[in-house]
Amino acid sequence: QVQVVESGGALVQPGGSLRLSCAASGIIFWFEDMGWYRQAPGKQRELVAAITSGGDTNYADSVKGRFTISRDNAKNLVYLQMNSLVPEDTAVYYCKVNRRGYWGQGTQVTVSS
C-alpha cells in the first residue's frame, strides 16, 4: 500500500521559518514527481511547489523566492523550506505524488503574531 505522511507543521511568527517533511512509501520514490499543496479556510487547494523526478522545480508566484522544495531520494523524503513567512501562508499543507494522485493527510501551518 502507498503511504504519504507530512510532518513539521507548527505555529510560527511572521518573518519566521519552518521546514516541512514528506515521507512516501509503497512507490518507487526516485521515479515520481512530487508536490506540495496548501488549502486555507474558504479557499481552493493550490499548488505551492513541485519537483520532478529529475530535480526540476516549479513554484507558485506567491511563494517564489521564499520557499524551496527539495528531495532526498536515498531517504524517500521531500522537503519544503519556508522562509519569511507571512500570515497569508497559514493553511493545511499537503504532500502529493503528483502523477499517481496519492495525497498525505496534511499538516497545519499557522503564521500569527
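Predicted model: local features only at pLDDT ≥ 70, side-chain atom pairs only at ≥ 80, totals over all residues.
User: Is asparagine 76 buried, partly exposed or exposed?

Analyst: The phi angle of asparagine 76 is near 55 degrees, a positive value in a residue other than glycine. Buried means under 20% relative accessible area, exposed over 50%, and partly exposed in between (1.4 Å probe, protein chains only). Because the relative accessibility of asparagine 76 is 26%, the residue counts as partly exposed.

User: Where does serine 84 lie?

Analyst: Serine 84 has a positive phi of about 50 degrees although it is not a glycine. At 42% relative accessibility, serine 84 counts as partly exposed. Its position is in the loop between β8 and β9.

User: How far apart in space are the C-alpha atoms of alanine 60 and tyrosine 37?

Analyst: Alanine 60 has its place in the loop between β6 and β7, and it is buried because its relative accessible area is 17%. Alanine 60 and tyrosine 37 are 23 residues apart in sequence, and their C-alpha to C-alpha separation is 9.8 Å.

User: Which kind of aromatic pair do the rings of tryptophan 30 and phenylalanine 31 make, stacked or edge-to-face?

Analyst: Rings of Phe, Tyr and Trp (its six-membered ring) pair if their centres lie within 6.5 Å, and planes under 30 degrees apart count as stacked, over 60 as edge-to-face and the rest as tilted. Tryptophan 30 is exposed at 54% relative accessible area, whereas phenylalanine 31 is partly exposed at 47%. The structure holds three aromatic pairs. In the pair of tryptophan 30 and phenylalanine 31 the ring centres are 5.9 Å apart and the planes stand at 85 degrees, so the pair is edge-to-face.

User: Which residue lies over the face of tyrosine 94?

Analyst: A charge sits over a ring if NZ of Lys or CZ of Arg is within 6 Å of the ring centre and within 35 degrees of the ring normal. Tyr94 forms one aromatic cluster with Tyr37 and Trp103. The charged end of arginine 19 sits over another ring, that of tyrosine 79, 4.2 Å from its centre. Over the face of tyrosine 94, at 3.7 Å from the ring centre, lies arginine 45.

User: How many residues apart are glutamate 32 and arginine 100, whose pair links distant parts of the chain?

Analyst: A salt bridge is a side-chain nitrogen of Lys or Arg within 4 Å of a carboxyl oxygen of Asp or Glu, and the count by this rule comes to six. Glutamate 32, which is buried at 5% relative accessibility, meets arginine 100 in a salt bridge with an N to O distance of 3.0 Å. The pair joins the loop between β3 (18-25) and β4 (34-39) to the loop between β9 (91-97) and β10 (102-103), a separation of 68 residues.

User: Which residues do salt bridges with shared partners join into one network?

Analyst: Aspartate 89 forms a salt bridge with arginine 66, with the closest N and O atoms 2.8 Å apart. Aspartate 89 is in the loop between β8 (77-82) and β9 and arginine 66 in the loop between β6 (57-59) and β7 (67-72), so the pair ties together parts 23 residues apart in sequence. Both aspartate 89 and arginine 66 are buried. The network made by salt bridges that share partners consists of Arg38, Glu46, Arg66 and Asp89.

Technical notes. Residues numbered from 1 in each chain as written. Heavy atoms only, no water. Helix = DSSP H or I, 4+ residues; strand = E, 2+ residues; numbered from the N terminus.
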